Amino acid sequence: MRKFVRYSFKLKNINFIVAFALILVVKTAEFYPAKLTPLFVRLIQSLSYGIAHTAYHVDLQVSDRDLDKLKAIEGDRAILMPNHPSLDDGIVLFLLSTRLGQLFHYLVAQDNFNGWQGKFLQRIGSYSIKRGVGDRASIAYTLNLLRQNVTKLVIFAEGGCSYQNDTVMPFRSGAVQMPLQVLHKLAKETSEVPNFFLVPVSLKYRYRGSMEKAIADSLQQLETHLGIVPQTEAFYPRLRAIGERVVTNIEKEYAIAPPKTHPLLLNQRIENIKIRLLTNCEKKLDITSASHLPMRERVYKIQALLDTDDEPSPVSETLYKATVRLLNFDAIYDGYVAAAPTPERFLDTLIRLEREVFSIDRPQPKGYRHAFLKIGVPVNLKDYLHAYKQNRTETIETITRQMQQAVQENLQAIASP
């Protein structure tokens, strides 16, 4: 199985955890169930603040008022639905469980369950899902888990990392569909409909202190690698010049010729690259194009097919590289930084460019960050059960949009420092 993409819980600089008898066996499995060990989780929770601060340069910021919203439903089933702006989001949600003194389960992409990291993830309550295919084992496991009385499950409903601090990607409907399905069955089995909450969670990072040196250093490293001589010291023109060069290099690599009659805007060129890479991958793998689906869904399907190769060929490796590029640039657009030139937006974009130019999955943290969490008003699904019985598809879509909108609105409401 390829190891291009890694999830938020990837640990480093904490070799002492290995001493707690995690079995270092690497094997490929169809499904990795959670093996939540409460005593082990409590131990890791006691260490989590120091680990997050030292290894990941992140601290949790959440108000007591927001924590009270979660404490009020402590005895009920609930799914937490956060946005997914960075690869460290799983760490932040684990810190939230620490603050609450609760045990969470986490739905995590299957390619993270390798070696001791996978064993660790299982023991803190994580289980796997294959993206891009109908993972029946994972779905069945989720449905069974949600039947338990006080389950708290974290699902990143965007389906993958957006790499953007201020934008929420479209939510996938599974995080709404599965609990409604369980609630419907529970209602049939009992005389009373239980509470079942969906909780919108908005996550935004803020760097602590000035980030001018970090931005300048990243710009200089990219310029040097790409052979760009900056014409100004101003950050934004230099960032845009790097973006233009990266786009031009990708166009050359895939023989994407610009129109001869009129020049395209940068956003149009980025979109052309996405379309070319996506259609080329689907054509090579004989996949029927599903243009009505979000690009991310189509990419996950491609990756799922490529992951079935026991011995990847040069062609499949090339295709996989294209999918990594597609996910890296899925939500990027020219003007993201110009619209609000914050350090976070600058570094959002620079980190994407570093991932592309230097072929690294996880650049080192650029500085210490506060991770601000804002908890939205929990939505009780039992209030929608009648509507679900009348029209399942429409009800699921309505609630999914409602949750996405709540996360986006609360994200915008998180105050600047």
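The following legends describe close-up views of a predicted model.

View 1. The largest nonpolar core comprises 42 residues. Within this core, the residues with the most contacts are Leu 239, Ile 242, Val 246, Leu 350 and Leu 353. Two or more residues are supplied to this core by each of helix H7 (212-226), helix H8 (235-253), helix H9 (266-284), helix H10 (295-306), helix H11 (314-328), helix H12 (336-339) and helix H13 (343-357). Leaving aside residues up to four places away in sequence, Leu 350 touches Ile 215, Ser 218, Leu 219, Leu 222 and Leu 239. A second, separate core of 40 residues includes Val 41, Val 58, Ile 73 and Tyr 106. In soluble globular proteins, nonpolar side chains tend to be buried together.

**View 2. Packing of helices H8 and H13.** The two helices, H8 and H13, pack at an angle of about 30°, and their axes lie 11 Å apart. Angles under 35 degrees count as roughly parallel, and H8 and H13 are therefore roughly parallel to each other. The crossing in which H8 passes H13 is left-handed. From H8, the contact draws on Phe 235, Tyr 236, Leu 239, Ile 242, Gly 243, Val 246 and Ile 250. From H13, Phe 346, Thr 349, Leu 350, Leu 353, Glu 356 and Val 357 take part. Sorted by class, the contact of H8 with H13 contains 10 nonpolar, two polar and one charged residues.

**View 3. Packing of helices H10 and H11.** An angle of about 155° and an axis separation of 10 Å describe the packing of H10 and H11. Angles over 145 degrees count as roughly antiparallel, and H10 and H11 are therefore roughly antiparallel to each other. Their crossing is left-handed. In H10, the residues Met 295, Arg 296, Val 299, Tyr 300, Ile 302, Gln 303 and Leu 306 meet Ser 316, Leu 319, Tyr 320, Thr 323, Val 324, Leu 326 and Leu 327 in H11. The contact of H10 with H11 divides into 10 nonpolar, three polar and one charged residues.

**View 4. Packing of helices H2 and H3.** Helix H2 (residues 64-71) packs against helix H3 (residues 89-100) at an angle of about 80°, with the axes 11 Å apart. H2 and H3 are therefore roughly perpendicular to each other. The H2 residues Asp 64, Leu 67, Leu 70 and Lys 71 meet Leu 96, Arg 99 and Leu 100 of H3. By class, the contact of H2 with H3 has four nonpolar, no polar and three charged residues.

View 5. Most residues other than glycine have a negative phi. His 57, which is not a glycine, has a positive phi of about 55°. His 57 is placed in the loop between helix H1 (38-56) and strand E1 (58-61). For Tyr 163, phi is also positive, near 60°. The loop between strand E5 (152-154) and helix H6 (174-189) holds Tyr 163. Tyr 163 counts as buried because its relative accessibility is 11%.

View 6. Gln 408 belongs to helix H15 (residues 392-413). With a relative accessible area of 19%, Gln 408 is buried, the cut-off being under 20%. Apart from residues up to four places away in sequence, Gln 408 touches Asp 166, Thr 167 and Val 168. The C-alpha atoms of Gln 408 and Leu 203 are separated by 9.7 Å, although the two residues are 205 residues apart along the chain.

Technical notes. Residues numbered from 1 in each chain as written. Predicted model: local features only at pLDDT ≥ 70, side-chain atom pairs only at ≥ 80, totals over all residues. Heavy atoms only, no water. Axes fitted to C-alpha atoms, helices over the stretch in contact; angles between N-to-C directions. Helix = DSSP H or I, 4+ residues; strand = E, 2+ residues; numbered from the N terminus. Parallel < 35°, antiparallel > 145°, perpendicular 65-115°, else oblique. Contact = heavy atoms within 4.5 Å. Nonpolar A, V, L, I, M, F, W, Y, C, P; charged D, E, K, R; others polar. Core = buried A, V, L, I, M, F, W, Y, C linked by side-chain atoms within 4.5 Å. Buried < 20%, exposed > 50% of the residue type's maximum accessible area, 1.4 Å probe, protein only. Left-handed = near helix turned anticlockwise from the far one by under 90°.
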